[in-house]
Amino acid sequence: VTSRAAAGIALAVCFALAPAEARAEAPEETFAAAAAALGRGEFNAAIAGLEALSDRGFTHPDASFDRGLAYAMRVRNHAEEPGDLGRAAAAFAEALALRPGDREAEAALDAVRGEVTRRRARKGKEAIDARPTMDRVVVGLLSERGWALAALAASVLASIGLVLRRRPAGAAHVAGSVLVPTAAVALTILAPLTYAARSLRLTTQAGVVVVPEVFLTDEAGVALGGDPLPEAASVEVGERQGARYRVRWGATEGWVPVGSVRVVGR
Amino acid sequence: VSAARATRAWFALAVFALLLVGAPRWAFAQWQQPRVTVSLSQPEAEVGEAFTVELVAMVEQGAPMPEKPSLRAPAGFNVDGPRVTTQQQMSWVNGRVTGTQGLRVTWMVTGQKPGRFTIPAPSFDWNRTHVSSSTVTVVILPASGRPRQPAGSSLLPGGPGAFGWPFNGAPSASDPLDTGVNDTGSLALDEAPDPQVFLRAVADKKAAVVGEQVTVSFYLYQRVSLDLSERKEAPLADFVRAPMLKNPGTEAPVTALAGGERYLVRVMDRVAIFPVKTGDLHTGQMTLRFGRRGRNARLERQSEDLVIRVVEPPKEGRPAGYQIGDVGRFRVEAQVAPRKIEQGGTVAVTVRVSGEGNLPQAIQVPARTGIEWLDPEKRESIEPNGDVIQGYRTFGYAVRVEESGSVDLGAIELPFWNPAAKRYEVARAPLGALDVTPMSTPKLAAAAAAAQAAGEAPEEALARLPAARAALGAYEPSPGALVEGPWLWLLLAAPPAAFGLVTGGARAGRLVRERRRARKGSAPELAAEALREAERAAAAGDAKAVAAAATRAVHHAIEGASGVRARGVLLAELPGEMAARGLPDELGKRAREALEACEAMRFDPDATPGKLGDLVEAAAGLVRALGRAKAS
């Protein structure tokens, strides 16, 4: 009897101490319910479920894709709320960041940005396009991993060249003599690019504007002037200070309210 | 002449263009018109009795502020003022905060003759326009002789008479301070910040979640008679506020001890505030200005700037659709009428959210394809009840149904955080199903044409969206960085560093080998080798071999120490040669004796092992001495 009682107490203690997450709905179940709601056209229910998933830190390109689709459907069904197009663009951009090359997400993102441009044109506003600066273009040619591997290859080749150069005169010596300076130059270019890509990854995040438009301000909150950032525009999100983000849009930098930009998970 | 005209025209055009470019942005901004209300403190007053006219003008956040308020009273009225206070209000819709700002302007007016009078609309300037409000009518009655509020008193919310002593006169015979202390609770203070008058702010809690009610009370402690002349509310910029008192400042005062002294304490205001964001949020300070009766001195007192630590409700267990800020205890009820309609028709859905706390400004409706929810019409009744803000808000929707058959409208769900129970709850009201009769084909075509004409065609760019993904596909998170931190730079430096190590190591090895080789042919090394041979020979009892090896050892040692090749020098001259190279005479003598002993040993047939050992020992001692002599 004593051992049974002890076992019962132990079981009760285990239940009481079981982690809350174990009792909470699994992300897969929440996603399935939201996807089913989206399939039935219940975009509000789908948005609620998919946003709850995002709040819980669950990241998956298909969840992001469906979230973007739910917002886009809400716009299409004339039930939109301000910023829905931006939120749709942010979700599609997140799906692409998590799974590069997703054709459907690319097409959907283009469709959302096309709709933003069409609406701006209808209000007599020009389509504003901010081109990234040269440093961002160059650093963005490869991923951080790509730059690091290229720099590593240059380092290895420079070392091989040094070895070959020590050989007596001949083809190997000539090859080494050519390889050493070439690889050294490549290394001096690739190492800073690796550093820049790493710094960008550590200090910035991708973001998308999720309000109809937002003006940049300086650190004191004074408007910088110039064009506002349009809805669905991609920005580079830097440090956060209170309720503001430092963002970079093309070559322009400034501060915007936290709620006007959605950070894209990766 | 025409050239001069053309020049003037171009000049005018250029000036116009410059004006356009230089005009401030707000000049073109499309602000909403100010929201203006005018009110009287009382509809009737007696001749000589003061009443107030209050103008409230609110504009949206960021718009220019109203300015230069004015009131032109009819003849026979005395006007005192205005007293102007700024106001800021925030409202919350779907987790987004929108704010308004503006002025509350109060004039004190006294009628001089009886009758019914229309007071012209108070006006103000705003955004380079002159804005008039509405007229108000007041009835001035003949003086009855009853006690009344004299003209020229304080201008405060609640109108004249809102403040008795101590604001409007000296203490009377029944001075409340003489009535003893009637508060021994939270109003008592160990120390008084000021010996005469001070303002104190008290919050009922120091930490809250976003949207949770915090009640802040502002108390005025005073021991002297004062005329309140100006009042500035605490900004409460990061909170939505709701007043807890209908006429702030009119509560009956109590006495309380502060620093051992009795003070008269009056609640100047009590507001329920709902934080709109996370962080350490400041309430800001309430400011009161006073005039001292009978003196010109003006006093200003400010309350503390309270800090409330605000966090989000926990993410764990947060229900889908929860909007940050929905905090309290709510119920949801819904009514749908009619239940039977024709396809394309509308039904009225009335949702009533009631309870206490931060009643949501918007609710999520179960909109879906084929069911369109139009913007709701809202009504509300929210007021304090005891310590909490409670009431209801109704949302009246017109819902257009494009489907036919039995159409289930779904349910209204309102997830909220219950701060008392510290858990999430969901208030739910099912809407039920509609019986929708199909529309005839010609009617459908006509409706589609009408919708297209009204610009309600589906958004072109979004017309062809891809299908939803029903299941989570395969997904591998990106591998991330190759290596992190300093290891990356170590990895990049590793190949050249490895090459440097290998080549450097090889060179070092070669140098060591060369040195060892060079050391092997040196005189001390050869001397040592010869000594080892001598020892081996002595052990074998070979006297000749011992003599030969010991001689070689001494010769090498002499050469190593002095450079003298002793083999080519006569023994008799050897000490002199060595001395000439800087070696001590004693060493030269020992060397000659050792070499002579070796020579003798070579031809000694009676050489014993002891003698051989002594010879080797002597040679070894000499070799060591020569080595030391060289080193020194």
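Predicted model: local features only at pLDDT ≥ 70, side-chain atom pairs only at ≥ 80, totals over all residues.

Reply:

Helix H7 of chain A comprises residues 103-122, a run of 20 residues. From the first C-alpha to the last, H7(A) reaches 28 Å, which is close to the 28 Å expected at 1.5 Å a residue.

The next matter is burial along the helix. Buried residues of H7(A) include the alanines A:Ala105, A:Ala108 and A:Ala111. A:Leu109, A:Val112 and A:Val116 are buried as well. The list of buried residues in H7(A) also holds A:Glu115, A:Arg119 and A:Arg120. Here, "buried" stands for a relative accessible area under 20%.

What, then, covers these buried residues of H7(A)? Among the elements of chain A that do so are two helices, H5 (61-76) and H6 (84-98). Strand E2 (213-214) and strand E3 (229-230) of chain A also belong to the cover of H7(A). The cover is thus described by contact, that is, by heavy atoms within 4.5 Å.

Finally, there is the other end of the helix. Just after H7(A) comes A:Gly124, whose phi is positive, at about 80°.

For contrast, a positive phi also occurs in chain B. There, E8(B) and E9(B) form a hairpin with two residues between them, and B:Asn127 in the turn has a positive phi of about 50°. Strand E8 (residues 123-126) and strand E9 (residues 129-132) of chain B run antiparallel and are joined by four bridges. Within this pairing, B:Phe124 has B:Val131 in E9(B) as its bridge partner.

Conventions
Residues numbered from 1 in each chain as written. Chains lettered and ligands numbered in written order. Heavy atoms only, no water. Pairing = 2+ DSSP bridges. Expected span 1.5 Å × (residues − 1). Buried < 20%, exposed > 50% of the residue type's maximum accessible area, 1.4 Å probe, protein only.
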